[in-house]
Amino acid sequence: MSTLKRFVKDTAIYGLATTLPRVMNIILLGLHTDILATTGYAVNTRFYVWAAFFNVLLTYGMETAFFRFFAKQEAKNRVYATVLIALTSSTITFFLIVLFFRNDLSLWLDLDVKFFIYLILILMLDTLVVAPFAHLRAQGKALKFAGIKLSNLAIYVVLNFFFLWAIPFYGWQFSWYDGNQQVQYIFIANVAASLVTFLLIVPDFFKIQWVFDRKLFMQLWQYGWPIMIAGLAFVVNENLDKLLLGKMLDDDIMGSYAGCYKLAVFMTIFIQAFRLGAEPFFSIMPPLRMPNKPMRPS
């Protein structure tokens, strides 16, 4: 398969894995705004704003740095192992620290302690699979990448409809179900989907030799930390308005605003699909060589 055909094919597959979740998010937006009060949707918004912020911190540019060095280094498995060990170690350390200080941190983030625990569980599970997913993309295993991503989506969507629509609609009675705090079931569905994704990809953790190259890691870090800073700037630019509305006005207005804002995000799906296909493509593509031309006399 030619390079261009592979690029088009991978972009189409990544596009499906990216577009479908965005489409389903629009459908879930209708479900969430119908079931939850605006204040409940504000809690959901605050939860995922902080998730986006900590996601950038926890990956600290390693995903992009991985592609850069995976293409350049001959010992590609050493690059993968170094990134995997670094992200796994830092994620587990983060989880243990924030779990210990969960009461103070949840108060600072303006989240219920129970919701905060869901947040750090999702962050841990999602960060642990960053390196394996990047490795799949670098190896051109777009179908496996998309299959796992779509499995995650299916579980999340089905559980959302089960918790928020099926149980109230059919009047099913469960001792564990709290109809007064339905927003928590969005987070529980996310935890379940992230856990299944982790279990599906965890065999990739044991297919390589775990060797940590400290010198290589420092090079990865030097390349990655500016990307982390840029990512944090992006998250602040995209989400600070929602948090400020909640602080300066109230959660009712914040929830209404966040629901309307989410509709506009749908327009970014084509950019995201192209980026997922282009990032590994251009990292492995040989540099263009301009033909030697005779100099023209002045």
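## Salt bridges, core and confidence in a helical chain

Asp251 is partly exposed, having a relative accessible area of 23%; a residue is called buried under 20%, exposed over 50% and partly exposed in between (1.4 Å probe, protein chains only). The structure is a predicted model, in which local features need pLDDT of at least 70 and side-chain atom pairs count only at pLDDT 80 or more, while totals for chains, interfaces and linings use all residues. Residues are numbered from 1 along each chain as its sequence is written, and side-chain values use heavy atoms, with hydrogens and water left out.

### Overall architecture

The chain contains twelve helices and zero strands; helices (H or I, at least four residues) and strands (E, at least two) are DSSP runs, numbered from the N terminus. Its pattern along the sequence is α-α-α-α-α-α-α-α-α-α-α-α. Of the 298 residues, 44% are buried. Among contacts (heavy atoms within 4.5 Å) between residues at least 6 apart in sequence, 81% join residues at least 24 apart.

### Salt bridges

Six salt bridges occur in the structure, each defined by a side-chain nitrogen of Lys or Arg within 4 Å of a carboxyl oxygen of Asp or Glu. Side chains of opposite charge can pair when their charged atoms come close.

One network of salt bridges links Arg46, Asp110 and Asp251. Arg46 belongs to helix 2 (residues 38–59), whereas Asp110 is in the loop between helix 5 (102–108) and helix 6 (113–128); the two are 64 residues apart, and the pair links distant parts of the chain. Asp251 also forms a salt bridge with Arg46, with the closest N and O atoms 2.7 Å apart. Because Asp251 lies in helix 11 (residues 251–265) and Arg46 in helix 2, this pair ties together parts that are 205 residues apart in sequence.

Glu63 is found in helix 3 (residues 62–72) and Arg137 in helix 7 (residues 130–138), so the bridge ties together parts 74 residues apart in sequence. The accessibility of further bridge residues is set out below.

| Residue | Relative accessible area | Class |
|---|---|---|
| Arg46 | 5% | buried |
| Asp110 | 38% | partly exposed |
| Glu63 | 29% | partly exposed |
| Arg137 | 2% | buried |

### Nonpolar core

In soluble globular proteins, nonpolar side chains tend to be buried together. A nonpolar core is here a set of buried Ala, Val, Leu, Ile, Met, Phe, Trp, Tyr and Cys residues joined through side-chain atoms within 4.5 Å. The largest such core has 86 residues, of which Phe47, Phe66, Leu119 and Phe187 touch the most other members. Leaving aside neighbours within four places in sequence, Leu119 contacts Phe47, Trp50, Ala51, Leu109 and Leu111.

### Individual residues

Phe94 is located in helix 4 (residues 76–100) and is buried at 17% relative accessibility. Not counting residues up to four places away in sequence, Phe94 touches Phe54, Leu58 and Leu123. Phe94 and Leu58 are separated by 36 residues in sequence and by 8.2 Å in space, C-alpha to C-alpha.

Ser106 is placed in helix 5 and is buried, with a relative accessible area of 2%. Its side chain reaches the backbone oxygen of Arg102 at 2.8 Å. Beyond residues up to four places away in sequence, Ser106 touches Leu111, Asp112, Val113 and Phe116.

### Geometry of helix 2

The 22 residues of helix 2 should span 32 Å at 1.5 Å a residue, and the end C-alpha atoms are 32 Å apart, which agrees; the expected span is 1.5 Å times one less than the number of residues. Just after helix 2, Tyr60 takes a positive phi of about 35°.

### Model confidence

The average pLDDT of the chain is 86, and 85% of the residues score at least 70; pLDDT is the predictor's confidence in each residue, from 0 to 100. Among the elements of the chain, helix 6 has the highest mean pLDDT (97) and helix 12 (residues 269–284) the lowest (61). Over residues 287–298 pLDDT stays under 50, and the model has zero contacts beyond four places in sequence for these residues.

Technical notes
Polar contact = N/O pair within 3.5 Å; in protein donor to acceptor, adjacent residues only side chain to side chain.
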